[in-house]
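Student: I have a structure open and a handful of terms that I would like to understand. Could we go through them together?

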Amino acid sequence: MTKKIAFQGEPGAFSHAASANFFPGEEFLGCVTFEETLNAVQTGKADFAVVPVENSLYGRITDIHHLLPESGLNIIGETFLRVEMTLLGVPGAKLEDIKAVQSLSVALGQCRKFITQHGLRTINAVDTAGSAREVAQKADKSVAAIASRFAGEIYGLEVLASNIEDADHNTTRFLVLSPTEKHAPQGGKVKTTFVFRVRNVPAALYKAMGGFATNGINMTKLESYMVGGAFTATQFYADIEGHPDDVGVQHAFEELGFFTDYFRILGVYPAAD
């Protein structure tokens, strides 16, 4: 039976491409905001959601760290997408025909060298996939879009230039969210994601982290952010390599518990390459 996968953005967005990579052949539901994306799963409009959590150039996607712990959803997987920027034109257009390029401001910034080299005028838009759609609708050979190759296939545009981004390591990590908890089996490469708040005592974070060091647990991510508008209420979001049933992880979590007043596992899932 076909599953419905929610993502943020229009058809052809990079989130759509990541969703299609993880769930090939399924049905996809584009959403305007991250809140709407999560709500689609919460209300049963979608079976799963695929959301970006961090990018190799820009760091964490801030909204997700705030929204995910409160959503009640569970992380069941992750996937990485190499963000390859493509210059897309209407059928019959050639690179020398292009005078202006339209895309999300961030995408335009990531392709600054190419744009400058070709003397193109920039047009700021809401997103990359929407730019591809609008360029296809206008059918103007002098205007191109910067978006994914996937967007070009959806809107019938032709690839005029590939991999035009300045940085060749631009990669986004996505999380796969489910309304039901499904822990990956013990063994193999597993990640565990959790949130916690330390007690308001001296060196609480230092002591809380000690259990991971002494038990040889690799913590691959630790982010802090305020909750409830209070400067003293800091929540931490963490990823570790390992399964909660591993003896070392159990001991680390036990020690963590001595110095925290809130702890919740958000997901135990296979680590992606």
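**Buried rings and their partners**

Tutor: Gladly! Phe236 has a relative accessible area of 10%, so Phe236 is buried. Keep in mind that this is a predicted model.

Student: What makes Phe196 buried or exposed?

Tutor: The relative accessible area of Phe196 is 0%. The cut-off for buried is under 20%, so Phe196 counts as buried.

Student: Why is the pair of Phe196 and Phe236 called stacked?

Tutor: Two rings pair if their centres lie within 6.5 Å, and planes under 30 degrees apart count as stacked. Here the centres are 5.2 Å apart and the planes are at 15°, so Phe196 and Phe236 are a stacked pair. Phe196 sits in strand E12 and Phe236 in strand E14 (residues 234-241), so the pair ties together parts 40 residues apart in sequence.

Student: How do you know whether Phe194 and Phe253 are stacked or edge-to-face?

Tutor: Planes over 60 degrees apart count as edge-to-face. The planes of Phe194 and Phe253 are at 80°, with ring centres 5.1 Å apart, so this pair is edge-to-face. The pair links distant parts of the chain, with Phe194 in strand E12 (residues 190-198) and Phe253 in helix H9 (residues 247-257), 59 residues apart.

Student: What makes Phe194 and Phe253 buried or exposed?

Tutor: Try the cut-off of under 20% again. Phe194 has 0% relative accessibility, so Phe194 counts as buried. Phe253 has a relative accessible area of 14%, so Phe253 is buried too.

Student: Which residues form one aromatic cluster?

Tutor: The cluster consists of Phe194, Phe196, Phe212, Phe236, Phe253 and Phe263. A search of the whole structure finds nine aromatic pairs.

Student: How do you know that Arg197 lies over the face of Tyr262?

Tutor: For the distance part of the test, CZ of Arg must be within 6 Å of the ring centre. Arg197 is at 4.6 Å from the ring centre of Tyr262, and Arg197 is listed as lying over the ring's face.

Student: And the pockets: which residues lie nearest the centre of the largest pocket?

Tutor: Those are Gln8, Phe14, Ser15, Pro52 and Leu104, out of 26 lining residues. This pocket has a volume of about 690 Å³. By class, its lining has 16 nonpolar, eight polar and two charged residues.

Notes: Residues are numbered from 1 along each chain as its sequence is written. This is a predicted model: local features need pLDDT of at least 70, side-chain atom pairs count only at pLDDT 80 or more; totals for chains, interfaces and linings use all residues. Side-chain values use heavy atoms; hydrogens and water are left out. On a 1 Å grid over the protein atoms alone, a cavity is a set of points where a 1.4 Å probe fits but cannot get out, and a pocket is an open set with protein on both sides within 12 Å along at least five of seven lines; lining residues have an atom within 4 Å of a point. Grid points are joined across faces, edges and corners, and a volume is the space filled by probe spheres set on the points. Ala, Val, Leu, Ile, Met, Phe, Trp, Tyr, Cys and Pro count as nonpolar, Asp, Glu, Lys and Arg as charged, and the others, Gly among them, as polar. Rings of Phe, Tyr and Trp (its six-membered ring) pair if their centres lie within 6.5 Å; planes under 30 degrees apart count as stacked, over 60 as edge-to-face and the rest as tilted. Helices (H or I, at least four residues) and strands (E, at least two) are DSSP runs, numbered from the N terminus. Buried means under 20% relative accessible area, exposed over 50%, partly exposed in between (1.4 Å probe, protein chains only). A charge sits over a ring if NZ of Lys or CZ of Arg is within 6 Å of the ring centre and within 35 degrees of the ring normal.
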